[in-house]
Amino acid sequence: MRTPTELQALMVENLFEPEQLLATREWSELRPGVNISPIYNTTQDGPSAAFLHYLPGAAVPRHLHTDFEHILILQGSQSDGQVTYGRGTLLVSTPQSEHQIHSAEGCIALAVWVKPVAFVEITQGT
């Protein structure tokens, strides 16, 4: 994959046609039940963007946002345990915020990170 600095522009078609996104993009497993299709990566610790595909019942464990993260729900919904975010919702997580994500019905989301998240280890008994 080429970085944005190697290109003048990046274009993604069929953004609001989830079936087309699933069929025409390359996907790999991010976590069990959650697949990722990168759009761009600048550096290991720098800005990046990707599509996330949560299968029904899939989850991402508790994580800390080290900088801003933007999530646009394109299909389905996901929940942080307090609020369920449905199709058309833009969620902006601020630096130092934490949450975990679960998608009961499954979803496809566009994610843009300024910096990668840090997963929070939870020890038993705490």
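**Exercise 1. Find which residues line the largest pocket and lie nearest its centre.**

*Solution.* The largest pocket has 23 lining residues, and Leu30, Ile36, Trp113, Pro116 and Val117 lie nearest its centre. Here a pocket is an open set of points on a 1 Å grid over the protein atoms alone, with protein on both sides within 12 Å along at least five of seven lines, and lining residues have an atom within 4 Å of a point. Before going on, note that this is a predicted model: local features need pLDDT of at least 70, side-chain atom pairs count only at pLDDT 80 or more, and totals for chains, interfaces and linings use all residues. Residues are numbered from 1 along each chain as its sequence is written, and side-chain values use heavy atoms, with hydrogens and water left out.

Next, look at where the lining comes from: S3 gives the largest share, four residues. Strands are DSSP runs of E, at least two residues long, numbered from the N terminus. Finally, sort the lining by type: 13 residues are nonpolar, eight are polar and two are charged. In this sorting, Ala, Val, Leu, Ile, Met, Phe, Trp, Tyr, Cys and Pro count as nonpolar, Asp, Glu, Lys and Arg as charged, and the others, Gly among them, as polar.

**Exercise 2. Locate the salt bridge and decide how accessible its partners are.**

*Solution.* A search of the whole structure finds one salt bridge. The term means a side-chain nitrogen of Lys or Arg within 4 Å of a carboxyl oxygen of Asp or Glu. Arginine 62 and glutamate 98 form this pair, at 3.1 Å from N to O. Arginine 62 is in strand S4 and glutamate 98 in strand S8, so the bridge ties together parts 36 residues apart in sequence.

For accessibility, buried means under 20% relative accessible area, exposed over 50%, and partly exposed in between (1.4 Å probe, protein chains only). Arginine 62, at 28%, is therefore partly exposed, and glutamate 98, at 40%, is partly exposed too.

Note on methods. 1 Å grid on protein atoms, 1.4 Å probe; cavity = no way out; pocket = protein on both sides within 12 Å on 5 of 7 lines; lining within 4 Å.
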